[in-house]
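Q: Please take a close look at one helix of this protein and at the parts that surround it. A connected account of its residues and their partners would be welcome.

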Amino acid sequence: MPRTLDGQITMEKTPSYFVTREAPARISAMSKDTKLIVVVRDPVTRAISDYTQTLSKRPDIPTFESLTFKNRSTGLIDTSWSAIQIGIYAKHLEHWLRHFPIGQMLFVSGERLISDPAGELGRVQDFLGLKRIITDKHFYFNKTKGFPCLKKAEGSSKPHCLGKTKGRTHPEIAQEVVQRLREFYRPFNLKFYQMTGHDFGWDG
């Protein structure tokens, strides 16, 4: 990481850190004071989104349903499939809590980042000890993408939206498959809410 002066914050993001077993110990060895921000979303939607992204690169992959189940007739979920495994947040968080106190971690709701970006970024600014500079007036909702966009990107006069890989249409998944996944994730979600002290509302 680059040297950081007083009054500066150095940030780095890598989606796979949270689910990589070695990451907590390595980051702790580098700096025990590191603040960690993790964006999480409904694990069922996350799994479907993960599949959609893979499908766009490899259209010949098996169906979502066949990858989800180890045994379709018993409804046994295949937890070795990364799209499923990543959403078991409580399990990943256990590894991090061996190296970092929960107070050094902020869990941002992916759903609220879409429905109330300024509110959720307000929590981020507070967590980092920053003045709340980002407000509602910095965003507009892009109907085509289904996401909020920045009215003006840093150093530009043009609006900035997430790239074309975001906001893809998800394939149609059978309702009973979604339901079975909801049942599978529920106990893990409840444990995660307990661990973080925050109910993300994925089981409502």
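A: The model is a predicted one, in which local features need pLDDT of at least 70 and side-chain atom pairs count only at pLDDT 80 or more, while totals for chains, interfaces and linings use all residues. Residues are numbered from 1 along each chain as its sequence is written, and side-chain values use heavy atoms, with hydrogens and water left out.

Along the principal axes, the C-alpha atoms fill a box of roughly 60 × 45 × 30 Å. Of the 204 residues, 34% count as buried, where buried means under 20% relative accessible area, exposed over 50%, and partly exposed in between (1.4 Å probe, protein chains only). The accessible surface comes to about 13000 Å², and 54% of it belongs to carbon and sulfur atoms; such areas come from the Shrake-Rupley method with a 1.4 Å probe, and for residues only the protein chains shown count as cover. Among contacts (heavy atoms within 4.5 Å) with a separation of 6 or more, 54% join residues 24 or more positions apart.

The residues of H2 that meet H8 are Pro 43, Val 44, Thr 45 and Ile 48, and their counterparts in H8 are Val 178, Leu 181, Arg 182, Tyr 185 and Asn 189. Two packed helices are described by the angle between their axes and the distance between the axes. For H2 and H8 (residues 175-196), the angle is about 125° and the axes are 9 Å apart. H2 is therefore oblique to H8. The axes are lines fitted to C-alpha atoms, for helices over the stretch in contact, and angles run from 0 to 180 degrees between N-to-C directions. Angles under 35 degrees count as roughly parallel, over 145 as roughly antiparallel, 65 to 115 as roughly perpendicular, and the rest as oblique.

Because its relative accessibility is 10%, Ile 48 counts as buried. Leaving aside residues up to four places away in sequence, Ile 48 touches Phe 64, His 170, Pro 171, Ile 173 and Val 178. Ile 48 and Ile 84 are 36 residues apart in sequence, and their C-alpha atoms are 9.1 Å apart in space.

Thr 52 also lies in H2, and at 6% relative accessibility Thr 52 counts as buried. Its contacts, again without residues up to four places away in sequence, are Arg 168, Thr 169, His 170 and Pro 171.

Charged side chains come next. Side chains of opposite charge can pair when their charged atoms come close. The structure holds 11 salt bridges, a salt bridge being a side-chain nitrogen of Lys or Arg within 4 Å of a carboxyl oxygen of Asp or Glu. With a relative accessible area of 16%, Arg 46 is buried.

Glu 176 meets Arg 72 at 3.5 Å, N to O. This pair links distant parts of the chain, 104 residues apart: Glu 176 is in H8, and Arg 72 is in the loop between strand E2 (69-71) and strand E3 (76-77). Arg 72 has 36% relative accessibility and so counts as partly exposed. Arg 180 and Glu 183 meet at 3.8 Å, N to O; because they are three residues apart in H8, about one helical turn separates them. Both are partly exposed, Arg 180 with a relative accessible area of 26% and Glu 183 with 43%.

Key. Helix = DSSP H or I, 4+ residues; strand = E, 2+ residues; numbered from the N terminus.
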